[in-house]
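I am opening a notebook on this structure. My entries follow the order in which I looked things up.

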Amino acid sequence: MSEPADTRPSSQVLAQELPASVREAGLTNWIREPLDGAVDRRRRVIVPPAAATAGTPLRSCQGALLAEVRRPDTVVMMGDNPELPTMPERPALRDFFELRFGKIAYSHLLQSARLAREHGLSEKVIMACLLHDIAIAGLLSANHGYWGAQMVAPYVDEEVAWAIEKHEALRYFPDESVGYTYPHAYIDYFGPDYRPPEYLHREHEAARQHRWYMTSRLITINDIYSFDPDVVVEFDQFEDVVGRNFRQPREGLGFDGSPVAHMWRTMIWPNNFL
Ligand SMILES: [Fe+2]
Ligand SMILES: [Fe+2]
């Protein structure tokens, strides 16, 4: 396609104008050709969200990707991405685990819940462990404790949501009285000199004074920092705990009109342009 440059909005950079490193590494990953046998033969462009691209070379793909959409055989991705398993009309928590979460996140959550169960902890703690990184699994990693807590708050005991929120801060701070030390994995992740920002120090101090402190602390104790590929845990093993501790909405997660339904819909259709 050749267009005189002056008819394009300045944000629309054509693919061939991008540096080769960006073009080769990034652009094609976001353009989905129709799958074999698909009735709709149009290409679909996934426009990656700002949270995933800010500060990376992918940011400069945005304009080029939008320029692709001007081709008559190309649209932006909306609705079901054929490369993701289709979700049922009324999705339950289990469907997000099995059809949306990646293998590592799925195992991490289930292995953490399993460890809590092996330690003989209450169902509240097991449930909190099962859900603690749900935001990383399906939505966003930064501030994952806060996103995750909000996402599950309408469906779980208040103490479970509180514990999930506060584990964000507590992870960084040892509590020798219960044998929790700073995770070795964090030295690899963040480097030996990493210091959490001030607000997390304040969050930690406040959480320590709270009556539910130990519930959140137990998440950090049962958090599996190294994923064990030999331990296979399936959602089935927690169906009973979930049944008793997660109020599954009749309309399905994402469609119950709750203040967090949009978060679940974002996990159902993570590639929607708008
Ligand atoms: Fe976490
Ligand atoms: Fe975790």
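I start with a term: a residue is buried if 20 or more other C-beta atoms lie within 10 Å of its own, exposed if 12 or fewer, and partly exposed in between, with C-beta atoms placed from the backbone. Helices (H or I, at least four residues) and strands (E, at least two) are DSSP runs, numbered from the N terminus.

I note what I am working with. This is a predicted model, where local features need pLDDT of at least 70, side-chain atom pairs count only at pLDDT 80 or more, and totals for chains, interfaces and linings use all residues. Residues are numbered from 1 along each chain as its sequence is written, while chains are lettered from A and ligands numbered from 1 in the order in which they are written.

**Entry: helix α6**

I looked at α6 with the burial term in hand. Its buried residues are Val125, Ile126, Met127, Ala128, Cys129, Leu130 and Leu131. That makes seven of the nine residues of α6, so the helix is largely enclosed by the rest of the structure. Next I asked what covers them. The cover includes α5, α7, α8, α9, α12 and α13 (239–245). Here I count two residues as in contact if their C-beta atoms, placed from the backbone, lie within 7 Å.

**Entry: the whole chain**

I stepped back to the overall numbers. The protein chain has 14 helices and three strands. Its C-alpha trace spans about 70 × 45 × 40 Å along the principal axes. Of its 274 residues, 30% count as buried. I also checked contacts between residues at least 6 apart in sequence: 69% of them join residues at least 24 apart.

The domain assignment gives domain 1 (5–76) and domain 2 (93–268). Such bounds come from an automatic or database domain assignment. I find the C-alpha centres of the two domains 34 Å apart.

**Entry: the cores**

I then looked for nonpolar cores, meaning sets of buried Ala, Val, Leu, Ile, Met, Phe, Trp, Tyr and Cys residues joined through C-beta atoms within 7 Å. The largest has 41 residues. Ala113, Met127, Ala128, Cys129, Leu130, Val152 and Ile164 have the most contacts inside it. Several helices supply at least two residues each, among them α5 (103–118), α8 (144–152) and α9 (158–170). Which helix gives the largest share of this core? It is α6, with seven residues.

Leaving aside neighbours within four places in sequence, Ala113 is in contact with Ile126, Cys129, Leu130 and Phe238. Apart from this core lies another, of seven residues, including Trp30, Cys61, Ala64 and Met77.

I turned to α12 (213–222). Seven of its ten residues are buried, so α12 is largely enclosed by the rest of the structure. They are Thr215, Ser216, Arg217, Leu218, Ile219, Thr220 and Asn222. They pack against α5, α6, α9 and α11.

In α11 (residues 198–208), Glu203, His204 and Ala207 are buried. Why do they line one face? Seen down the axis of α11, they fall within an arc of 100°, so they share one face of the helix. I take the arc as that of the directions from the helix axis to the C-beta atoms. On the other side, Glu198, Arg202, Glu205 and Ala206 are exposed. The buried residues of α11 pack against α9 and α12.

**Entry: the sheet**

I looked up the strands. They form an open sheet of three, in the order β1-β2-β3, with mixed pairing. β1 (31–32) and β3 (74–76) stand at the edges with a single partner strand each, so one side of each is left without a neighbour in the sheet. Strands pair here if DSSP finds at least two bridges between them. Two bridges join β1 to β2 (residues 43–45), and these strands run antiparallel. I noted one partner: Ile31 is bridged to Val45 in β2.

**Entry: two loop residues**

I picked Phe101, in the loop between α4 and α5. Is Phe101 buried or exposed? It has 21 C-beta neighbours inside 10 Å, so it counts as buried. Phe101 and Met267 are 166 residues apart in sequence, yet their C-alpha atoms are 9.0 Å apart in space.

Asn143 lies in the loop between α7 and α8. Asn143 has a positive phi of about 60° although it is not a glycine. With 11 C-beta neighbours inside 10 Å, Asn143 counts as exposed.
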